[in-house]
Amino acid sequence: MKRHLLTGLFILAAIAASAQVIGKDEINDSNLFNFGGSMTEYLDPGVTYSKAPKGFKPFYLSHYGRHGSRYLLNDPQYSGPYNTLKEAYDKGVLTEFGKSVMDRLEIMKNDASGHLGDLTKKGQMQHRGIARRMVQNFPQIFNRKNTIVARSTTSHRVMASMTAALMEFSIQQPKMDIDYNDSDFDKGYMNFEDRAVNSAKNNREKNAAVSEFNARHTHPERLMAALFTDTTFITQYVKPNSSAAPRNNSASLYNQIYEVAANMGSHDLGFDLNDVFTYEEWYDCFLQNNMYWYTQSAFNPITNSVVPYGHATLLQDILDKADAAIAAKTPSANLRYGHDTALFPLLCLMKVNDCGWDPADLERVADKWVAYDIVHMGSNLQLVFYKNWRGTILVRALLNEKEATLPFDCYKDSKGNEYPYFYEWSKVEPYYRKVLSDWVRIKDELTSNSSGR
């Protein structure tokens with residue numbers, strides 16, 4: 001079935017659809033873009049926020065954001081599937097549909113030449129839009145009287161993302177003071193994973209379970225028949241100039257094409273690869289991408305429920321700088337620009353929305369834990385702090401600029417009125433400080449077990 005580019009009402013429908021888990025039977029052209037998983041394109045959420053309790057004004061914003069849309073990281077991700085199809089074409093075993101796929105992969109491969117890992121134009125615009133909406137939504141914080149602190153990792157796509165945001169801040173508030181830098185000095189919290197979680201992330205049980213899961217959700221047969229007039233080319237594939245025995249390369253090619261297709265939302269080249277996979281195949285490929293991030297980031301039994309602690313230094317930085325901002329009594333913001341490898345575990349550690357979901361059955365992970373609602377291109381967590389004249393501090397979490405839940409009872413005023421998404425900092429901070437102290441104990445146990453082998 002021919003898929004069409006998202007335009008007009010489709011985009012509005014896509015934004016609405018991304019706010020909930022999309023079942024396999026609910027996939028259509030308007031929400032298909034979600035199934036790029038962690039490579040999903042960031043769109044303006046177009047949301048209206050709940051009103052803050054009477055008397056509370058925003059005074060501080062703490063942020064961590066992933067870089068925006070980018071090219072894939074490695075040349076084989078582009079050249080690998082193209083070269084395989086080109087070889088089949090030269091041997092006369094590529095179908096007309098296969099030629100169409102090959103031609104599109106060639107354009108994409110050539111466009112990516114010299115740009116591996118680079119931020120795309122869409123990535124720039126995503127961060128400019130996020131910055132613009134920060135100023136619009138929180139003028140009490142982002143104005144000429146305040147100093148904003150921005151830091152990025154030394155990754156070029158991350159630095160470019162921060163630069164795009166700072167350009168927009170300068171347009172919106174040209175006299176606002178911005179303290180910015182990109183340095184390894186901040187690496188210890190910006191993109192650091194404690195080695196103590198390595199053994200849990202890479203244990204045999206986990207690797208076997210993920211391999212079995214992926215095998216259940218990899219079905220390349222239909223696509224191979226659509227690409228090749230003689231499928232033995234790929235099912236008994238021999239790499240050129242190799243003496244190795246023939247092997248079935250179907251699953252590898254299937255997954256390689258998915259990576260390029262899923263990333264097409266990062267570009268504006270006038271075409272896509274949406275028609276390569278059926279809806280069911282898109283869903284299966286997404287499940288594998290989703291499972292990778294779940295087992296690399298979340299609390300789950302097969303990794304001993306310790307993986308999110310690996311990024312505890314980021315949570316500590318957030319808490320420490322929030323305390324400093326509260327003590328300073330002046331509006332400010334800390335903006336951090338980094339990576340999915342830090343943001344995914346942070347959200348799980350903080351149990352934002354359903355990021356704490358840990359079903360025993362891996363087939364149920366996507367019932368709640370879905371990458372397109374957690375971290376994709378340009379994703380960000382904003383913690384917005386409010387206070388009243390009495391000095392009571394509230395915090396509201398925005399995940400991808402949408403109001404998000406934290407694992408606490410929401411704030412109630414003196415009349416008993418509840419305010420969803422607003423939480424008392426006096427309850428939030430001690431909880432997260434305990435998370436940090438728990439990690440000290442857990443890390444000691446992991447280290448002791450490792451040294452005792």
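In helix α4, the buried residues are Lys 122, Gly 123, Gln 126, His 127, Arg 128, Gly 129, Ile 130, Ala 131, Arg 133, Met 134 and Val 135. Buried here means under 20% relative accessible area, exposed means over 50%, and partly exposed lies in between, with a 1.4 Å probe and protein chains only. Helices (H or I, at least four residues) and strands (E, at least two) are DSSP runs, numbered from the N terminus. The model is a predicted one, in which local features need pLDDT of at least 70 and side-chain atom pairs count only at pLDDT 80 or more, while totals for chains, interfaces and linings use all residues. Residues are numbered from 1 along each chain as its sequence is written, and side-chain values use heavy atoms, with hydrogens and water left out.

Helix α4 comprises 17 residues, 121–137, and reaches 24 Å from its first C-alpha to its last, close to the 24 Å expected at 1.5 Å a residue; the expected span is 1.5 Å times one less than the number of residues. The cover over its buried residues includes β1 (57–66), α5 (156–172), β4 (332–338) and β5 (380–387). Asn 137 also belongs to α4, but Asn 137 is partly exposed, with a relative accessible area of 33%. Between the C-alpha atoms of Asn 137 and Lys 239, which are 102 residues apart along the chain, the separation is 56 Å.

Ser 266 is located in the loop between α11 (250–263) and α12 (279–297), and its relative accessibility of 1% makes it count as buried. Contact means heavy atoms within 4.5 Å. Not counting residues up to four places away in sequence, Ser 266 touches Ser 69, Arg 70, Thr 120, Lys 122 and Met 377. Leu 72 lies in the loop between β1 and α2 (75–90) and is buried, at a relative accessible area of 2%. Leu 72 and Glu 259 are 187 residues apart in sequence, yet 8.3 Å apart in space from C-alpha to C-alpha.

In soluble globular proteins, nonpolar side chains tend to be buried together. A nonpolar core is a set of buried Ala, Val, Leu, Ile, Met, Phe, Trp, Tyr and Cys residues joined through side-chain atoms within 4.5 Å. The largest such core has 108 residues, of which Phe 228, Phe 277 and Trp 369 touch the most other members. Apart from it lies another core, of 30 residues, including Val 135, Ile 178, Val 384 and Leu 398.

Helix α14 is mostly covered, with ten of its eleven residues buried; among them are Leu 343, Phe 344, Leu 347 and Cys 348. Just after α14, Lys 351 takes a positive phi of about 55°.

Aromatic rings form a further set of links. Rings of Phe, Tyr and Trp (its six-membered ring) pair if their centres lie within 6.5 Å; planes under 30 degrees apart count as stacked, over 60 as edge-to-face and the rest as tilted. By this rule there are 27 aromatic pairs. The rings of Phe 344 and Trp 369 have centres 5.5 Å apart and planes at 20°, so this pair is stacked. The pair links distant parts of the chain, as Phe 344 is in helix α14 (residues 340–350) and Trp 369 is in the loop between α14 and β5, 25 residues apart. Both Phe 344 and Trp 369 are buried. Phe 408 and Tyr 432, by contrast, form an edge-to-face pair, 5.7 Å centre to centre with 90° between the planes. Ring pairs also link Tyr 292, Trp 293, Tyr 294, Phe 344 and Trp 369 into a cluster.

The protein chain as a whole contains 15 helices and ten strands. Its radius of gyration is 23 Å, close to the 22 Å that the globule rule gives for 453 residues, so the chain is as compact as a globular protein of that length. This radius is taken over C-alpha atoms, and the rule is 2.2 Å times the number of residues to the power 0.38. Buried residues make up 54% of the 453 residues.
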